Amino acid sequence: MNQPLIEIRSAPHVQAAKTVETIMRHVVYSLLPICAFYVFQYGISALASIVVVTAACLLTERFFVRTGTQAGRLSDYSAVITGLLLALTLPPGFSLWMGAVAGIVAIALGKALFGGIGFNVFNPALVGRAFVQAAFPTAIATYTPSFLAGRFTEFIPSSLAWPLMIPADTAAWLKAKNLDALAGATPLAKWKFDGVIANADELLTSLSGHMAVGPAPALILICGLYLAARRFMDWRIPLAILGSAALTAWLLFAFDPVRYPNPFFMLFSGGLILGAVYMATDMATSPVTPKGMWVYGALIGLLTVVIRYYSGLPEGVMYAILIANAASPLIEKITQPVPFGRGALDRARKRATYPLNPGYISREEASAVTPKKRFLPKKPKK
Amino acid sequence: MSAAAPQTWDEFMEGVWKQNPTFVMILGMCPTLAVTVSAVNAISMGLATLLVLIASCGLVSMMRKVTPKEVRIAVYIVIIATFVTAVDYAIQAISLALYDALGAFIQLIVVNCIILGRAEAHAAKNPPMPAMINAAGMGVGFTIGLLALGVVREILGAGTLFGITLFGAGFQPWVIMVLPPGGFFVLGGWLLLFSWMARRKQRALTVGSDHA
Amino acid sequence: MRDQPSSDKKVIPIAVAAPDAAVPESPTAAMIRTLGLVSAICGLIIVGAYQGTYDAVAANKRIATERAVFKVIPTAKSIAEFIAQPGGGITKVGAGDTAIPPGAVKFFAAYDDAGKLAGIAAEGGAKGYADTVRIMFGYAPECQCVVGIGVVSMRETPGIGDKIITDKDFLANFTALDLKLKADLSALANEVKAVKHGSKTGAWQIDAIAGATITSRAVGKAINDSAQALMPRLVPNLDKLRSKS
């Protein structure tokens with residue numbers, strides 16, 4: 001191969017001691033408190049779900065790395081992140097076998113298919129979730145209330161379904177616990193189908209009552225702040241997402257306060273905060289140009305609110321991020337910065353090399369393993 | 001392979017295996033993805049296409065000497081459309097439920113490129129007998145392709161095979177498998193399997209000749 | 001390699017080489033002759049197929065319709081097909097008439113063992129989530145209400161929209177869904193409509209399935225549209241249908 005002798009990039013020419021592995025490890029660290037809180041909310045079922053989904057991701061990753069069809073190593077922690085995030089987006093009582101399916105699909109279809117770490121077009125965790133959303137629409141909409149008594153000793157019955165079998169009905173189980181079946185609806189579903197809006201402080205901390213929600217948005221924001229402060233994540237994307245979602249929701253709220261909920265509810269319900277901080281910021285699937293990040297984030301925020309309001313689904317973060325992932329190469333192309341010294345009129349005709357954003361670590365620096373190409377010679381020897 | 005194998009058998013097997021319309025030539029994708037939600041639908045669609053293929057290739061081949069090249073496509077299309085109409089009536093007479101399940105895709109056999117391709121590439125240049133055998137091979141290959149998709153999608157999407165329950169009452173259907181994306185996933189899986197097999201065979205062949 | 005795929009490979013050179021090769025143009029008469037011949041053969045085949053399958057197709061269609069009607073009116077044993085004319089009045093449809101005048105509504109009168117009117121069945125359709133949801137509903141003249149529905153065709157999402165066939169709570173809406181007319185018989189007294197799950201108040205409302213509101217609404221609209229057109233013409237003429245003719 002003819003490797004270029006000199007690599008020319010735009011400033012800053014800083015050598016950072018950051019590798020893919022370091023970044024990924026810190027992301028995992030920052031996810032641990034969130035997972036702990038999730039287990040605290042839902043007990044042993046949530047723990048089992050996290051373990052099974054992550055194990056499925058790791059085993060699938062190992063299979064594809066071993067067969068040489070995918071770049072990367074198991075020790076780069078990226079599959080762990082995929083597994084943890086995927087588990088956090090699934091309902092706590094999601095059947096373990098379905099969780100395993102989601103984990104396998106996430107890595108196989110979301111990552112290995114494109115060549116492994118750094119090559120994936122879509123966020124793998126969301127690919128896995130989208131698959132099970134389409135495959136098991138009933139199970140994925142079945143939430144159970146948090147902070148149930150005895151949650152550390154007893155599984156949610158739907159968790160322990162036999163593989164390929166329908167999970168047990170949680171409504172009957174809740175009734176036995178003297179809880180309304182509707183208590184299991186998420187705040188977004190309650191708003192969409194019943195027009196009930198949850199209180200602000202409950203949403204922010206997820207602590208009070210038996211609300212069926214994911215981990216507290218406030219906690220996720222704190223963990224995200226840590227990542228942003230250590231420059232393991234670009235702060236522009238979450239800010240752009242939340243800003244654009246808030247603006248869209250506020251405009252609609254000002255237009256018709258009866259029909260549309262307040263912007264605060266839109267921001268802190270559902271998975272918007274988790275998606276904004278952890279999923280949309282996936283380095284391989286988001287634009288690297290600073291301007292592009294703003295466009296990308298704004299697109300996600302807008303789409304999320306639009307999907308929540310106008311589609312049949314109560315939650316729209318997942319599809320919004322997947323659509324924006326697909327759009328990010330285009331966003332990158334149209335937001336190429338002008339090289340220093342060139343006027344705006346005299347734009348580069350051809351695409352320059354990507355300018356390096358401080359948060360973005362290229363694959364060369366990460367000493368990532370390139371995929372072993374095992375193509376056959378074009379014509380078999382006669 | 002032995003050269004002694006009868007020509008007709010080779011002619012037939014070409015469409016079934018070597019030039020399989022679904023897995024090798026990737027032709028006729030529209031019905032392949034649309035109607036294969038169950039094994040019964042898949043096999044009916046395959047048989048309908050098979051009948052149209054054999055009949056129209058036979059007729060095209062019989063008329064090949066009197067068909068001027070300027071109007072050949074028009075002739076082929078008229079012939080194909082005729083047999084599609086006949087098959088359409090036949091399916092209505094056999095079962096209306098099946099007719100509803102296959103929907104517009106019966107009529108759309110007219111534009112299935114496998115059939116026009118066979119008529120143009122083979123039937124127009126060969127006598128009726130080999131033309132029909134070749135067409136039958138293609139049709140059988142197409143049916144096998146559809147059936148491969150239909151079986152997987154029915155087992156996962158409904159827990160049944162040819163309508164027979166496989167896993168008992170508690171089976172959780174994978175709804176995605178009966179939706180259009182499921183068709184793409186299953187087709188992709190089969191293509192992966194076949195190309196992997198073909199590569200292994202190729203590699204064995206290359207390695208073998210290197211040693212020789 | 002073997003020689004037999006060569007038949008396929010020949011195509012390309014012929015197609016490419018055709019323009020510059022000195023192939024003489026075919027005479028117009030030959031083209032017309034061939035096209036005429038092909039058309040004649042194909043015409044014969046189609047007519048033959050149509051004739052050969054006509055009886056079986058007609059029988060199949062009749063059985064399918066009967067089955068759909070019997071499903072929504074359980075006591076029915078035989079059916080007769082009628083058309084409600086646009087100007088009012090109803091006419092019986094004999095075997096073989098398939099054309100329906102514009103604005104007319106087709107419906108079926110179902111009779112029980114004794115030949116007495118068991119109910120009326122009519123079809124309706126409205127846009128659902130994926131495609132038009134076509135349903136057949138049974139109407140009982142005694143209570144002036146819908147007593148059962150069946151789905152004729154739909155392409156709703158399996159597991160969500162197709163609950164309209166299986167959901168017991170939803171089907172319970174159609175044991176006595178009110179279709180009473182206004183006093184002057186010009187339209188329905190209350191518009192049939194699907195309402196949000198759990199908010200049903202009147203006997204003319206349909207309690208939608210939670211999560212499948214769009215499909216439920218389509219069912220309501222299908223019944224409403226069909227009944228609004230049919231009932232004002234049907235009710236004054238009910239006596240003509242009382243017994244099997």
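Biologist: I'd like to zoom in on chain C: what percentage of its 245 residues do buried residues make up?

Modeller: First, this is a predicted model, where local features need pLDDT of at least 70 and side-chain atom pairs count only at pLDDT 80 or more, while totals for chains, interfaces and linings use all residues. Residues are numbered from 1 along each chain as its sequence is written, with chains lettered from A and ligands numbered from 1 in the order in which they are written.

Now to chain C: buried residues come to 31% of its 245 residues. Chain C has seven helices and nine strands, which are DSSP runs numbered from the N terminus (H or I and at least four residues for helices, E and at least two for strands). Take its contacts with a separation of 6 or more: 59% of them link residues 24 or more positions apart. Two residues are in contact if their C-beta atoms, placed from the backbone, lie within 7 Å.

Chain C also touches a neighbour: 27 of its residues are in contact with 32 residues of chain B. On the chain B side, α1, α4, α5, α6 and α8 each supply at least two residues, and α4(B) has the largest share, with 11 residues. Sorted by class, that side has 18 nonpolar, six polar and eight charged residues. Nonpolar covers Ala, Val, Leu, Ile, Met, Phe, Trp, Tyr, Cys and Pro, charged covers Asp, Glu, Lys and Arg, and the others, Gly among them, are polar.

Chain B meets chain A too, through 15 residues of chain B and 11 residues of chain A. On the chain A side, α5(A) gives the most, with three residues. By class, this side has 10 nonpolar, no polar and one charged residues.

Inside chain A, α5(A) (residues 124–135) also packs on α15(A) (residues 317–334) at about 125°, with axes 10 Å apart. Axes are lines fitted to C-alpha atoms, for helices over the stretch in contact, and angles run from 0 to 180 degrees between N-to-C directions. Here A:Leu126, A:Arg129 and A:Ala130 of α5(A) meet A:Met318, A:Ile321 and A:Leu322 of α15(A). By class, that makes five nonpolar, no polar and one charged residues.

Technical notes: Buried ≥ 20, exposed ≤ 12 C-beta atoms within 10 Å, placed from the backbone.
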